[in-house]
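Please look over the model shown here.

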Amino acid sequence: MKYINTLILSILFSSAVLAQSTDSLYLNIVIPEQDTVMYSYSRYRVAANTLPQASAFINGKETKVYATGAFVDMIYPENDTTHIEFKVVLDGKEITRNMVLIKPKREPVVFNGKEIKDRMVKPGNDVWLNTGEKLVVQTMATPGEHMVFNIDGFKRNIPMRELTRDESGGRQGIYQGSYVVKPSDYVMKQHITFKMKKGLFGYIKKTSDFEVTLGGGVRVGKVIEDGAYLNTGLGTDRLGGYKYGFIEKDILLNITGMKNGIYRVKLADGLDAWIPEKFVELMPAGIEPVESLTGNIRISGNSSQDIITLNLSEKLPYTTFQQLDPNKIIVDVYGATSNTNWKTKMLSSEGIKKVEWEQVANGQFRMIIELDHSQNWGYSVGYGWGSQLAVKINRPPVITDPINPLSGRTIAVDAGHGGSSNGALGASGAKEKEVTLQITQKLDSLLKLEGVNVILPRTNDSYVYMSERREAVLSNKADLLVSIHANSIGYTSDPREVAGTGGFYKHMAYRPLAEILYKNMLDLGLKDYGLTGSFNFSLNGPIEFPNALVETAFISNPEEEILLLDPDFQVKIAEQIVKGLKEFYLKHASIEALEEMPEK
Ligand SMILES: [Zn+2]
């Protein structure tokens, strides 16, 4: 589809365009995506395209048509129903289409006498709470009644009160009750029964779908899947909630509760993490919480990596982060208490300046690894032999020919989206997945000219899972990864006002790469959309290789969409990224002088 668009574009950009017959006048609407859209905000962006020489009107107001044929505007819905009329006109011909935005209305709840609605408001999912925590339950029922709840088989008739209008968000008939877990409580997977008094002795009852577990202390759980991860909290968004990082299979976790189908993991005193239920198998009750004394630390190396090992008696969970200036890797091991009486540093550990450890809190043992070079080139943390934790750290690549710093490198370039994932859409109909692939292909050609072994996780219009993309980078032992994307705004912003290029990274260690690429992109004269850190994008997640995401420009901005579709500008983007990569290597790889060239 896009190739047809590109074809049309290249014709349009030439002067032959003007001769084109008006028979081909068309109107494509990109936003709204359907004729009728439910929408509750006060600003809404619309985007459509037509022939570039046509005039376009949105609700009667003429709107600029860009060289791609794109036209955009903002709509300000005021009423429950907002009509949007798109009209394009050329040489007396016109096409009109009408779309509608409807403000979703809260339907008033109708009660037929005394009843408990089949709607459990809180908690919506299974919950497990421990001593001191408060179980809060809510249900919807006829207003003005007397309500109680049971924790089946455990506690009966705990009073509920009806929330006032404000607390219930304007609704009536929401009842809330609570129970604080006592140290002696132990309730396994019980339902809640809501009860409304009817007559002198009778009740109307309704039982919850979810189950409640109270007490039980710490349960040991075992990670049963590779690719499991720990989240910092219960937050979710399009990027999936902030992740500490991946943890491997067979690691043992101390689990102390559950909310929304997610287990709470006690890492150390006062520090929790969260892990989806599917990654964990609970061990039988009564098993003591997992902990280990730490053994001794050994620091060694081979031809390309430095390796730090720490002996433990169990596979404990860990997290890792980095610091810059000086360049450090920090690894926290949870459930570990120091009994490390010595550390041995072998001469082979060339890339390590020093390793220190400290007991940060009860159950939190920290290794601080200071590297001998300015840039982190990737590392891994994991269990190799039994429960021996190993941190393997890549040494900087060696440049022997500073004129061709990229020669012989393995570099991965990931074209964002693909297949069923279109990514963002431009007003002219351009798809992010196509633009990213075109830029990636140009980058591939340029890098090959530099002597680079290029790894492309996506080479055509197919859907490639994030885990497959990561695996492609790892298994091909790529030195680093650059992800190519095009940015977009949401529905509430004016697409003409938001533009620019941005650099994104998650881990501090890889900020220098993101920054160099971003600065080189700015040299194209694009607006500054900033350098964003702690970015929770999955391909910024790996620590095993330096990685950065380039949000080349905004495809939602009609001016930048023209640039993103322009093959010459795509080449310029690719050139800037190559320039940035060269700069990165020259700055951070270790440069060894070439041996004297023999005279010819
Ligand atoms: Zn994207």
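## Model and confidence

This is a predicted model: local features need pLDDT of at least 70, side-chain atom pairs count only at pLDDT 80 or more, and totals for chains, interfaces and linings use all residues. Residues are numbered from 1 along each chain as its sequence is written.

Where pLDDT is low, the predicted coordinates should not be read in detail.

## Domains

The assignment gives domain 1 (25-102), domain 2 (116-214), domain 3 (219-282), domain 4 (292-396) and domain 5 (410-588). Such bounds come from an automatic or database domain assignment. The centres of domain 1 and domain 2, taken over C-alpha atoms, are 49 Å apart.

## Strand pairing

Helices (H or I, at least four residues) and strands (E, at least two) are DSSP runs, numbered from the N terminus. Two strands pair if DSSP finds at least two bridges between them. Strand 1 meets strand 3 (residues 44-49) over 3 antiparallel bridges. Asn 28 has Asn 49 as its bridge partner in strand 3.

Strand 4 (residues 55-58) pairs antiparallel with strand 7 (residues 81-90) over 4 bridges. Strand 4 is also joined to strand 5 (residues 61-63) by 3 bridges, again antiparallel. Ala 56 stands opposite Val 88 in strand 7 and has Thr 63 as its bridge partner in strand 5. Strands 4 and 5 form a hairpin with 2 residues between them.

## Nonpolar cores

A nonpolar core is a set of buried Ala, Val, Leu, Ile, Met, Phe, Trp, Tyr and Cys residues joined through C-beta atoms within 7 Å. A residue is buried if 20 or more other C-beta atoms lie within 10 Å of its own, exposed if 12 or fewer, and partly exposed in between; C-beta atoms are placed from the backbone.

The largest core has 74 residues, and Ile 411, Leu 517, Ala 548 and Ile 577 have the most contacts inside it. Helix 6 (residues 567-588) gives the most to this core, with 7 residues. Domain 1 and domain 5 each supply at least three residues. A second, separate core of 65 residues includes Leu 135, Tyr 244, Val 391 and Ile 543.

## Backbone details

Two cis peptide bonds deserve a look. One runs from Ile 31 to Pro 32, with omega near 5 degrees. Pro 32 lies in the loop between strand 1 and strand 2 (36-38). Another joins Asp 325 and Pro 326, with omega about -5 degrees.

Asn 59, in the turn of the hairpin of strands 4 and 5, has a positive phi of about 45 degrees. Asn 59 is partly exposed, with 14 C-beta neighbours inside 10 Å. Asn 157 has phi near 55 degrees and sits in strand 13 (residues 155-159).
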